[in-house]
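Me: Got a model open here and I'd like to walk through it with you. Can we go residue by residue and see what turns up?

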Amino acid sequence: MKSSFRKSFLWILIALLIVFAGSVLFESTSRIKQAKAEANFLIGISQPNLNEPRQIVMNNEIRKEAEKHSNVKLIFTDAAENSEKQIHDVQKLMEYGIDLLIISLNDSEKLTPIVKEAYKTIPVIVLGRGVTGYDYTMFIGSDNLSIGKIAGKLASDLLAGTAAEIVEIKGAMSSTSEEETSRGFRDYVTRSPSIQIKQEIDGSWQRDKAEDELKRILPFYPEVRLVFAHSDAMALGAYRAITSWGLSNVQIIGIDGLDTVNGGFDLVKQKILSGSVTSPTGGRESIQYAIDILNGEKVIPKKIILRSHLIANQHEPLNGPDRQPYMMKLDTAGPDKADPRRKIKLGVVIVGSESSWRAANTESIKTAAEQEQDIELFMQYAEGSQDKEIEMIRSLIRQKVDVIVFTPIVETGWDEVLEEARKAGIPVILTDRKVKVEDDSLWTTFIGSDFIEEGRRAARWLLERYANRGGVTEIVELQGTAGSAPAIERRQGFEEVLANNSSFHVAASEIGDFTYDSGFQLMNKVIKDGVMPQVVFAHNDDMALGAIKAMEQAGMKPGKDIVVMSVDATKLAFQAMIAGKLNLSVECNPLLGPQIVKAVKDLAAAKEIPVNIITSEGIFSAETAKRDIAMRKY
Ligand code: GZL
């Protein structure tokens, strides 16, 4: 009797559960159907978990920004730290018919396929951790290397002159972003021989694990004077471990800087942490760009890297003791607020005539700035000389422009003149090429390409087509201007992809200057040296075209017996591909004018702008050049 009663009770319970689950599912699906009906745009947000404060703050920023748009509805999912569940969440969101996906990944590798799948049908914005490859619409994140450097600089200041040991608490022992943070930190602290990083421990992003792991090792390191934790949650765990051992002279630095209970702001204010480095969630920016994407805005960057700031006890309170304990002053000087009607005086220093790419780039900036009624443009051409660029920047400082935009022809030698611009309160935007300076806060933003990826793309294309041709493929590389970011980084990306493949060998790598003439001269030299390459990789189209001329004069058939690849994807390259003389051109987008003008206007409005704005680019081969050339704008 009992067992049959129990059985029927169980069946009733199961039936009730099915009815309940069905009603919940029906209710949520019908609510979603209703949201879809009401909204022009239904945006799905897939979170890896909602137990990390950072993810909660991200969702709050997303909600707050979306409230500004009555035609936008949001659906949030929480994968509870489970990658399989996050994949399922994305599939469900796609079934609901979302118009755009915003995703913060639980695990980059495991989630890359589903992001790639979603990207086939709807725009996808990846937040925080990146996916492998570029199969997404846009990435918004922080610069881990810069975050590590900011923490390292604070650690060096705090420990200055003392012999000190440091313990580092990482969130994951083998992730790329963690390695970058660590590298940035070491970049500073290892400059002082008396400071030693004695131990790295894995806190797995958890406060309690960080506490337990640090408690376990502290007795072995009595000289520990500082703990650097890659999140404020783990930093709080470190604090608990240190106080449990009764230690008083150990300083702690964290990351995230969230303005929440036990967030970095709070812990710095309570003097539990000596400092925390903000790692913006990108929630607000993701909605801003989602609206632009869904409204069909043309200029959507591929990557946005948000600026990080130091929150520390040693800085004077800049925004009053209540809201923000201490923030490094933002470099948002712009036109004086007293007279907002005044035009923005924009000073631009351009490399000068160099390549067809450069001509398109210059025209794009000039046109975009001249279209703006509230911008007064001061444009100067440096004719390829760094000295002239420096001289022109100084003249713009004397003219008291509001913002300076320039293309550093080479990476180094800018510290002094950028310091002068900072002293004059003039923010500097780098466009196209980057600088290598001691203090990265000397420049406000970089707007340009990912040159390393451009080099990788050329090498991947070569591998895909010629990896199995047998024997060793000899390559001649024609480099751009010595010391310039595109030349350095294209070579880095190209050789990185070919490094583990013995069937490709760079037989000669000659240094040019991005001009047609240097491509012609260098190729003649290579031919005279008796090098018979199967592949020529030129760092830009102009040098490739010069090299093609030299090969033809030597009786060769470039594009046929010799594979010729270049970068830029200018119209001239398409014409050469259609003529069968060039096999591939990797796009390097010169049309940066609109993004530069947007950044200038945001700065003038004292808005904080991303530290890196990376343009979206593709690759173009001879097979489709005839079709593609019609769409080309430069
Ligand atoms: C790259 C740019 C390079 C182009 C060349 O952004 O600096 O300089 O690839 C140009 O064509 O001359």
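Predicted model: local features only at pLDDT ≥ 70, side-chain atom pairs only at ≥ 80, totals over all residues.

Me: Where is Pro 533 found?

Reply: In the loop between helix H16 (516-528) and strand S20 (535-538). Helices (H or I, at least four residues) and strands (E, at least two) are DSSP runs, numbered from the N terminus.

Me: And what does Pro 533 touch?

Reply: Not counting residues up to four places away in sequence, Pro 533 touches Glu 474, Val 476, Met 523 and Ile 562; contact means heavy atoms within 4.5 Å. Pro 533 and Thr 473 are 60 residues apart in sequence, and their C-alpha atoms are 7.6 Å apart in space.

Me: New topic. How is the protein chain divided?

Reply: Into domain 1 (2-136), domain 2 (144-281 + 309-327), domain 3 (344-449 + 591-616) and domain 4 (451-588). The bounds come from an automatic or database domain assignment. Between the C-alpha centres of domain 1 and domain 3 there are 42 Å.

Me: Which residues touch the most other members in the largest nonpolar core?

Reply: Leu 101, Ile 103, Val 126, Phe 406, Trp 414 and Leu 418, out of 48 residues. A nonpolar core here is a set of buried Ala, Val, Leu, Ile, Met, Phe, Trp, Tyr and Cys residues joined through side-chain atoms within 4.5 Å. Elements giving two or more residues to this core include H3, S3, H4, helix H12 (386-398) and helix H13 (415-423). H12 supplies the largest share, 5 residues.

Me: Why does this core lie between domain 1 and domain 3?

Reply: Because domain 1 (2-136) and domain 3 (344-449 + 591-616) both give residues to this core.

Me: What about Trp 414, what does it touch?

Reply: Leaving out residues up to four places away in sequence, Trp 414 touches Gln 386, Glu 389, Ile 390, Ile 393, Phe 406, Pro 408, Ile 409, Val 435 and Val 437. Apart from that core lies another core, of 44 residues, among them Ile 45, Met 58, Ile 596 and Ala 599.

Me: You mentioned H3. Which residues of H3 are buried?

Reply: Ser 83, Gln 86, Ile 87, Asp 89, Val 90 and Leu 93. They cover an arc of only 155° around the axis, which puts them on the same side of H3; the arc is that of the directions from the helix axis to the C-beta atoms. On the other side of H3, Glu 84 and Glu 95 are exposed.

Me: What covers the buried residues of H3?

Reply: The cover includes strand S1 (41-47), strand S2 (72-78), strand S3 (100-104) and helix H4 (108-119).

Me: What happens at the ends of H3?

Reply: Asn 82 caps the N-terminal end of H3, with a side-chain oxygen 2.7 Å from the backbone nitrogen of Glu 84. Gly 97 follows H3 and has a positive phi, near 80°.

Me: Ala 80 next: buried or exposed?

Reply: Exposed, because its relative accessibility is 52%. Ala 80 sits in the loop between S2 and H3, and its phi is positive, about 50°, although it is not a glycine.

Me: How about Asp 432, buried or exposed?

Reply: Buried, because its relative accessibility is 3%. Asp 432 lies in the loop between S16 and strand S17 (445-448). Its phi is near 80°, a positive value in a residue other than glycine.

Me: Last one: Glu 168, where does it lie?

Reply: In strand S6 (residues 164-170). Glu 168 counts as buried because its relative accessibility is 0%. Its side chain joins that of Ser 182 in a polar contact of 2.7 Å. A polar contact is a pair of N or O atoms within 3.5 Å; within protein, one must be able to donate a hydrogen and the other to accept it, and residues adjacent in sequence count only if both atoms are side-chain atoms.

Conventions: Residues numbered from 1 in each chain as written. Heavy atoms only, no water. Buried < 20%, exposed > 50% of the residue type's maximum accessible area, 1.4 Å probe, protein only.
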